[in-house]
Amino acid sequence: MTLRIGDETVPLQLSNGRDVLEVRAAKKLPRSMVTRVTGIVRRMFCLDDDYGTFYAAIARDPQLAWATAGAGRMLRSPTVFEDVVKTLCTTNCAWSGTQRMIAALVAQAGGAFPTPARMAELPSRFYRDVARAGYRGAYLRDLAGDVASGRLDLERLLPAGGLRDDEVRERLLSIDGIGPYAAAHVMMLLGRHGSLILDSWTRPTYLRRSGSKRASDRTIERRFARFGAFAGLAFWLFLTHDWLEEEGGNL
DNA sequence: CGTCCAGGTCTAC
DNA sequence: GGTAGACCTGGACGC
């Protein structure tokens with residue numbers, strides 16, 4: 001991956017072993033840069049988050065106990081802005097569309113994700129003709145403008161920002177193009193695990209995994225309500241249990 | 001070729 | 001508060 005740090009773009013290679021995440025740069029980085037990179041990577045992989053409370057809640061759950069071995073961390077982007085943009089680009093389109101839009105943004109910004117200011121100054125024809133973002137183009141540009149101008153402080157939505165979950169949800173929903181699905185998705189990445197990500201993938205996957213014929217959103221939410229502040233994470237892990245096998249079982 | 005819909009959301013009732 | 005219709009795009013599918 002390539003990180004943007006200040007005015008520089010820093011290409012990095014990541015690899016994982018058991019209990020180890022190795023970050024390798026092409027050339028030697030100054031000490032200050034190493035500190036920055038380490039901080040960003042720790043944040044991306046949620047390495048400083050504590051899942052003790054969650055593990056205690058699922059320890060005796062036959063469907064979820066497996067996760068106490070170390071599951072639950074979401075892969076974040078370096079900034080909340082980037083996660084909101086990416087999430088917006090997953091709405092109402094296939095994965096190929098999401099990848100096309102994000103790849104176009106990254107390519108025009110020189111290989112690392114663009115800053116809000118850069119995205120705000122891109123002409124609408126870029127969003128229409130290159131990213132082919134359709135009606136999302138205006139949403140993306142406006143969002144970038146609000147963040148670049150300081151009108152919208154997305155970093156404040158992190159737990160350290162001191163806002164309650166309902167306040168954060170409210171702010172996310174006030175962004176054009178961000179609805180219930182996208183808000184829940186971003187909040188999960190923020191480490192706010194209360195709400196379920198309900199969309200065209202999780203709904204049928206839930207039915208398959210639970211063996212139900214059909215289940216309304218309210219029903220699904222009721223079934224995970226016992227996990228309280230971790231309901232969304234419990235739901236997510238319930239759905240993605242089999243990803244472990246596919247990834248070789250490495251937590 | 002037309003229709004449907006994919007990791008939805010907005011607006012107008 | 002709940003729901004129909006519109007919305008960019010492109011790939012899948014039926015005819």
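Two residues are in contact if their C-beta atoms, placed from the backbone, lie within 7 Å. The model is a predicted one, in which local features need pLDDT of at least 70 and side-chain atom pairs count only at pLDDT 80 or more, while totals for chains, interfaces and linings use all residues. Residues are numbered from 1 along each chain as its sequence is written, and chains are lettered from A and ligands numbered from 1 in the order in which they are written.

**Exercise 1. Describe the overall build of chain A.**

Step 1. Among the contacts in chain A with a separation of 6 or more, 59% join residues 24 or more positions apart.

Step 2. Counting DSSP runs numbered from the N terminus (helices: H or I, at least four residues; strands: E, at least two), one finds 13 helices and 3 strands in chain A. The radius of gyration, taken over C-alpha atoms, is 19 Å, close to the 18 Å that the globule rule (2.2 Å times the number of residues to the power 0.38) gives for 251 residues, so chain A is as compact as a globular protein of that length.

Step 3. Along the principal axes, the C-alpha atoms of chain A fill a box of roughly 50 × 40 × 35 Å.

Step 4. An automatic or database assignment divides chain A into domain 1 (1-44), domain 2 (53-72 + 194-251) and domain 3 (80-189), and the C-alpha centres of domain 1 and domain 2 are 31 Å apart.

**Exercise 2. Determine how helix 8 is oriented.**

Step 1. Call a residue buried if 20 or more other C-beta atoms lie within 10 Å of its own, exposed if 12 or fewer, and partly exposed in between, with C-beta atoms placed from the backbone. In helix 8 (residues 165-173), Val168, Arg169 and Leu172 are buried.

Step 2. Viewed down the helix axis, these buried residues fall within an arc of 100° (the arc of the directions from the axis to the C-beta atoms), so they line one face of helix 8.

Step 3. The buried residues of helix 8 pack against helix 9, whereas the face turned away from the buried side carries the exposed residues Asp166, Glu167 and Glu170.

**Exercise 3. Describe the surface near each DNA strand.**

Step 1. A residue is near a strand if its C-beta atom, placed from the backbone, lies within 6 Å of it. Around DNA strand B there are 18 residues, of which Asn92, Gly179, Tyr181, Ala182 and Ser200 come nearest, and helix 9 (residues 180-189) gives the largest share, 4 residues.

Step 2. Those around DNA strand C include Asn92, Arg128, Arg132 and Tyr135.
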